[in-house]
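Biologist: I am new to reading protein models, and I would like to look closely at one part. Please walk me through it step by step.

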Amino acid sequence: MGNWEQPIYSTRAHVFQIDPNTKKNWVPTSKHAVTVSYFYDSTRNVYRIISLDGSKAIINSTITPNMTFTKTSQKFGQWADSRANTVYGLGFSSEHHLSKFAEKFQEFKEAARLAKEKSQEKMELTSTPSQESAGDIQSPLTPESINGTDDERTIPEVTQNSEPRAEATQNALPFAHSSAISKHWEAELATLKGNNAKLTAALLESTANVKQWKQQLAAYQEEAERLHKRVNCQNTLEGTLEVFQSNLLLRQETEIEKLREEIDNARELQAQRDSLTQKLQEVEVRNKDLEGQLSDLEQRLEKSQNEQEVFRNNLKTLLEILDGKIFELTELRDNLAKLIECS
């Protein structure tokens, strides 16, 4: 930028501009996070916010006292620039970076206000006539008002008498005063030429730094590509960052609630599993008892042929009971297996 305009604070953020058609939606002007810097122009005594995406200036906003930087979320802020006829938005990686940028904005806004007041005081002193006969002469513009932005330019006051002056009085201006005005404008011209030379030197220096910026941009793009693979939502940003964050918080709350329900269900399934395990153990004990009874019946069958028919009936009954129990046991085992698979 040259020695007449120096960066005084820099950070990194995603840059957006308001949609000129809808005036509601944000349009991203950078594919990835870029450097956003505050610059101080010591020649014009103004503060500017500048951001470059490669060789393209995506932000060039002069800070004026009537600007306001608004935090719309924990990581997003915006301000309106009437000169550029747009609204800029910045998305930061953390709330700390947003707060720091907002503090700097307020600090430089106050400095711009003080500089404007001093400039107006100088112009008022310049516009005050030193001689009574100079009342109808318009005071010249100061260098600040010539080089300032539209918001910083002030119209010099014109002192006019309420009573009409005689034509002879208006033609009686001393030659020395006209010569002083001429010298003043020559000084203004010299100042403008000096500023032009500084701008030319700054342009040459910026051209020399383009290669270095391109190398830095390539490194930033490579880093952004790596980050881009991890953050898929970077390619699908269509709404505002604030809406995205709200949706993310809602999604997280929904997932947390779902996890709580799954934990409760898991606890309930564990209790059911313990109950079924206990029932299975009881069935196994009863199964052993039934096996003992079957053995007794076989012994009794060998001992008494007369009771064979009765024994067969009892045996059928016991077999049916056993089949039912085995079926219940099978169902319990299948249910237990399903519960094990689900858990």
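Let's start with the hairpin that S3 and S4 form: how many residues lie between these strands, and which residue in the turn has a positive phi?

Modeller: Happy to. S3 and S4 have four residues between them in their hairpin, and the turn residue with a positive phi, about 55 degrees, is Asn45. Before we go on, a word on the ground rules. This is a predicted model, in which local features need pLDDT of at least 70, side-chain atom pairs count only at pLDDT 80 or more, and totals for chains, interfaces and linings use all residues. Residues are numbered from 1 along each chain as its sequence is written, and side-chain values use heavy atoms, with hydrogens and water left out.

The score pLDDT is the predictor's confidence in each residue, from 0 to 100. Its average over the protein chain is 76, and 73% of the residues score at least 70. Over residues 129-177 the score stays under 50. Where pLDDT is low, the predicted coordinates should not be read in detail.

Now the wider layout. Helices (H or I, at least four residues) and strands (E, at least two) are DSSP runs, numbered from the N terminus. The protein chain has eight strands and six helices. Reading from the N terminus, the order is β-β-β-β-β-β-β-β-α-α-α-α-α-α.

Two strands pair if DSSP finds at least two bridges between them. S3 and S4 run antiparallel and are joined by six bridges. The S4 and S5 hairpin has two residues between its strands, and Gly54 in the turn has a positive phi of about 75 degrees.

How covered is S4? Buried means under 20% relative accessible area, exposed over 50%, and partly exposed in between, with a 1.4 Å probe and protein chains only. By that rule, six of the eight residues of S4 are buried, so the strand is mostly covered. For the protein chain as a whole, 25% of the 343 residues are buried.

Tyr38 and Ile49 also belong to the inside of the fold. A nonpolar core is a set of buried Ala, Val, Leu, Ile, Met, Phe, Trp, Tyr and Cys residues joined through side-chain atoms within 4.5 Å. The largest one has 23 residues, and those touching the most other members are Tyr38, Ile49, Ile59, Trp79, Leu90 and Phe101. At least two residues each come from S1 (5-18), S3 (34-41), S4 (46-53), S5 (56-62), S8 (86-91) and H1 (95-127). H1 gives the largest share, six residues.

Contact means heavy atoms within 4.5 Å. Leaving aside residues up to four places away in sequence, Phe101 touches Tyr38 and Ile49, and also Tyr9, Thr11, Val36, Phe69, Trp79, Leu90 and Phe92. There is also a second, separate core of five residues, including Ile18, Trp26, Phe76 and Leu241.

Lys104 lies in helix H1 as well. Its relative accessibility is 19%, which is why Lys104 counts as buried. Again leaving aside residues up to four places away in sequence, Lys104 touches Tyr9 and Tyr38.

S7 and S8 pair in the antiparallel sense over six bridges, with Gly77 opposite Leu90 in S8. Their hairpin has four residues between the strands, and Asn85 in the turn has a positive phi of about 55 degrees. S6 (residues 70-71) and S7 are antiparallel over two bridges, and Lys71 stands opposite Gly77 in S7.
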